[in-house]
Number of protein chains: 2
Amino acid sequence: MPKQVDHDGRRRQIADAVCLLVDEHGLEGVTLRDVATRAEVSMGAVQRCFRTKEEMLRFALAHIGERVAQRVRRRLAAGPAQSAASELGLVAREVALLREEHRAEARIWLAFIAAAAVNPGLAATLRSSYADLEELVVRLLAEASGGGAAEPTEVRAEGAADGVAEARAVDRIEARTVLALADGLTAHVLVGHRTAAEAEEVLHAHLVGLWGRR
Amino acid sequence: MPKQVDHDGRRRQIADAVCLLVDEHGLEGVTLRDVATRAEVSMGAVQRCFRTKEEMLRFALAHIGERVAQRVRRRLAAGPAQSAASELGLVAREVALLREEHRAEARIWLAFIAAAAVNPGLAATLRSSYADLEELVVRLLAEASGGGAAEPTEVRAEGAADGVAEARAVDRIEARTVLALADGLTAHVLVGHRTAAEAEEVLHAHLVGLWGRR
DNA sequence: TCGGTTCCGATGCGGTTGCATCGGAACCAT
DNA sequence: ATGGTTCCGATGCAACCGCATCGGAACCGA
């Protein structure tokens, strides 16, 4: 068992470098050489960790997706005392990546979304991240609508058709609305069509309307 | 006055080729050579029409932005009889580019948005398209909320602070919500996280809620 | 110590890129 | 015709791309 290296750790290190470059110059500005330089490894090391560039990008996408999701989960774990209502607000704000310190993540996310539109491989990776996020928001809405926090894992049953399942369909639509709205606002902020404050205002207004309707 | 060429026409012709390529392979898949081939002109002609590749992309972006906006305007001009409420629905659906035949435009639009996030020049071009669209939707909402169709051009006054101006601030927020939601849904559909039908459902539900609240 | 295995840095290669260049075709007023 | 302009197609170029290759450094069990 000769020279051993923390491959997974190095992969993450390289993925971070990829994210940095994507943030600065977009996905087109990512070259193996630049990635190697930013990650402070040689090109050979990069090529050892990832068989091809596409594989590297895919890993980087999953990497940052996990980073965002984890921040959302941490946010939820931190303040479970408040109402589910205000929690959704926090989560939405977290997903929308409106705060200045998350602007980089937002740019990266958007770049990958656009790439995924013409790259099935990236699209598949992206979808799994989205699915996680949606499930999380649906659960939050379901709890808010009365179900309580009991058995939070068995939400995926789609077949059962009673009053509760009906309510959950509404929850799902509203979850999808919030997530799409968040993504749209993020994009608008990134291109400078909307300021972060304006976006926050729009998001807030939507959430207020949402709770008022219930 | 020697050999004269319809420069503007050729520019549009080239822009169409750019859009085709962006739709197929994303913005990175756009090379001067391929553009020339698709536009059925020589590379020299492309280089004569646009000093640089960036200039060409900018023109193409404005080109397709205008194409979408024009379709929206045409949609409005076609059916002015219906209520402003249902008209907004039509416009939103038009902007969201959910229908299969507009999927290409959606991909192109998304690609440019992502590029604009790291390219100030494209961002500026994109913003003007967005501003037009937003003004249009705001006007539609203002008409729906009671002002009627009178003097549809003087909507941009921001200073006046009376009851009417207040109502218009709400309209503006709702317009921004609808537009961001449409863009977010478009992105979700393009990456396959959402089907077009689901997106349509979400959009419809939002609009219904919007009118119910008034 | 040493043999075997894993890792990596350097280098090379074929292909592609955006852009510059330029000779000549196309055209019109004269 | 012809001269002056405008246009364009072909070609060249330097840079860069992703990827393959490979000799040797690094390392560990025996």
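A:Leu97 counts as buried because 26 C-beta neighbours lie inside 10 Å; a residue is buried if 20 or more other C-beta atoms lie within 10 Å of its own, exposed if 12 or fewer, and partly exposed in between, with C-beta atoms placed from the backbone. The model is predicted, and local features need pLDDT of at least 70, side-chain atom pairs count only at pLDDT 80 or more, and totals for chains, interfaces and linings use all residues. Residues are numbered from 1 along each chain as its sequence is written, while chains are lettered from A and ligands numbered from 1 in the order in which they are written.

A:Leu97 sits in the loop between α5 (84–96) and α6 of chain A. Helices (H or I, at least four residues) and strands (E, at least two) are DSSP runs, numbered from the N terminus. The phi angle of A:Leu97 is near 55°, a positive value in a residue other than glycine.

Helix α6(A) has 14 residues and reaches 20 Å from its first C-alpha to its last, close to the 20 Å expected at 1.5 Å a residue; the expected span is 1.5 Å times one less than the number of residues. Eleven of the 14 residues of α6(A) are buried, so that the helix is mostly covered. Among the buried residues of α6(A) are A:Arg107, A:Trp109, A:Phe112 and A:Ala116.

Another loop residue, in chain B, also has a positive phi. B:Glu40 is not a glycine, yet its phi is about 60°. B:Glu40 lies in the loop between α2 and α3 (43–49) of chain B, and it is exposed, with 10 other C-beta atoms within 10 Å.

Helix α2 (residues 32–39) of chain B packs with helix α1 (residues 7–25) of chain B at an angle of about 115°, their axes 8 Å apart. Axes are lines fitted to C-alpha atoms, for helices over the stretch in contact, and angles run from 0 to 180 degrees between N-to-C directions. On the α1(B) side the contact is made by B:Gln13, B:Ile14, B:Ala17, B:Val18, B:Leu20 and B:Leu21, and on the α2(B) side by B:Asp34, B:Val35, B:Arg38 and B:Ala39. Two residues are in contact if their C-beta atoms, placed from the backbone, lie within 7 Å. By class, this contact of α1(B) with α2(B) has seven nonpolar, one polar and two charged residues; Ala, Val, Leu, Ile, Met, Phe, Trp, Tyr, Cys and Pro count as nonpolar, Asp, Glu, Lys and Arg as charged, and the others, Gly among them, as polar.

In chain A, A:His63 belongs to helix α4 (residues 53–78). A:His63 is partly exposed, with 18 other C-beta atoms within 10 Å. Leaving aside neighbours within four places in sequence, A:His63 is in contact with A:Arg12 and A:Ala15.

The two chains can now be taken together. A rotation of 180° with 0.0 Å of shift along its axis superposes chain A on chain B, with RMSD 0.1 Å, by least squares on the C-alpha atoms of residues with pLDDT of at least 70 in both. The two copies are therefore related as by a two-fold rotation axis.

The contact between the chains takes 39 residues from chain A and 39 residues from chain B. On the side of chain A that touches chain B, α8(A) gives the most, with twelve residues. That side divides into 21 nonpolar, nine polar and nine charged residues. The copies meet through the same surface, because 97% of the interface residues of chain A are also interface residues in chain B.
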